[in-house]
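Here are my notes on this model, as numbered points.

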Amino acid sequence: VKSPFVVSVDDAPGGKGKREEANPLAMSCSDWLAILQVHRQWEQACRQGRAQDSAFVAQHHLDRATLVLISEVRTQLLELLTDLPLFPIAGAGPLDAAHNAYSSSEPVLRGVLAAALLPSGLCHAANPSDSSTTLRLFCGPACTRQVRVHPGSLLSGISRVPSEMPWLVFLEKIRTRSVFLRDCTAVPTTALALFSAGFTPMILRRQLKVEWAVMPASPRAVVAVGALRRVVQVT
């Protein structure tokens with residue numbers, strides 16, 4: 001689905017801060033989680049009446065048609081999952097508490113996004129040592145190919161990501177004069193290690209390899225990650 005925001009971060013009154021006001025998760029460095037959060041807030045406003053719905057959309061510079069489309073897509077996906085069947089429910093009714101137990105868990109959601117967007121959508125985020133410089137993003141095994149976040153992303157213009165989330169997963173690249181990444185989410189190393197399909201333990205080198213990314217790890221940590229991956233795959 002496309003973003004429900006109808007203005008760029010620079011064009012809206014209040015600029016980027018207006019988006020962050022509507023989406024607390026915007027500060028946690030994820031376009032997808034911000035869309036999820038603002039859609040949930042919009043649903044709450046809808047339950048209070050049409051006036052609150054219209055006010056919320058206008059206040060936060062949103063496209064109501066896109067929000068409605070997101071709701072329809074969610075219903076269609078639930079119907080597909082029910083038909084498989086992955087959920088023991090009749091029709092596309094609301095999921096019970098057990099199915100939604102982790103729907104608001106940010107670490108779980110980041111893991112799901114990592115699993116969905118890997119292996120092609122991965123880059124390394126290097127925080128600057130000087131606060132006056134900007135975040136540097138690199139793709140590829142040698143981490144020499146520098147890329148940028150698309151101006152339409154909530155992550156555009158940020159100077160750093162949380163130190164515990166030094167990786168970005170993204171949906172697509174756009175090449176103009178530079179290479180831009182769209183629909184980005186910062187993820188921790190654990191999300192890559194547990195949910196990526198391309199995992200190679202390198203115990204003797206005290207490293208583990210996820211897709212093209214090589215990370216230092218003690219032999220005990222490498223073994224533990226391998227065991228956890230088997231548990232995740234079984235469940």
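1. Axes are lines fitted to C-alpha atoms, for helices over the stretch in contact, with angles running from 0 to 180 degrees between N-to-C directions. Helices (H or I, at least four residues) and strands (E, at least two) are DSSP runs, numbered from the N terminus.

2. Keep in mind that this is a predicted model, where local features need pLDDT of at least 70 and side-chain atom pairs count only at pLDDT 80 or more, while totals for chains, interfaces and linings use all residues. Residues are numbered from 1 along each chain as its sequence is written, and side-chain values use heavy atoms, with hydrogens and water left out.

3. Overall, the chain has seven helices and eight strands. Of its 235 residues, 40% count as buried (under 20% relative accessible area, with exposed over 50% and partly exposed in between; 1.4 Å probe, protein chains only). Among contacts (heavy atoms within 4.5 Å) with a separation of 6 or more, 55% join residues 24 or more positions apart.

4. How do helix 2 and helix 4 sit relative to each other? The axes of helix 2 (residues 31–47) and helix 4 (residues 64–83) cross at roughly 100° and come within 11 Å, so the two are roughly perpendicular. From helix 2, Ile35, His39, Trp42 and Glu43 meet Arg64, Leu67, Val68, Ile70, Ser71 and Arg74 of helix 4. That contact has five nonpolar, two polar and three charged residues. (Ala, Val, Leu, Ile, Met, Phe, Trp, Tyr, Cys and Pro count as nonpolar, Asp, Glu, Lys and Arg as charged, and the others, Gly among them, as polar.)

5. Helix 2 also meets helix 5 (residues 106–117): the axes come within 10 Å and cross at roughly 125°, which makes helix 2 oblique to helix 5. On the helix 2 side are Trp32, Leu33 and Leu36, and they meet Glu106, Leu109, Arg110, Leu113 and Leu117 in helix 5. By class, this contact has six nonpolar, no polar and two charged residues.

6. Take a look at Val57 in helix 3. At 12% relative accessibility, Val57 counts as buried. Leaving aside neighbours within four places in sequence, Val57 is in contact with Trp42, Leu62, Arg64 and Leu67. Val57 and Trp42 are 15 residues apart in sequence, with 7.5 Å between their C-alpha atoms. Gln52, also in helix 3 (residues 50–59), counts as partly exposed at 34% relative accessibility.

7. Not counting residues up to four places away in sequence, Leu168 touches Gly121, Leu122, Cys123, Leu137, Val149, Leu155, Thr185 and Ala186.

Note on methods. Parallel < 35°, antiparallel > 145°, perpendicular 65-115°, else oblique.
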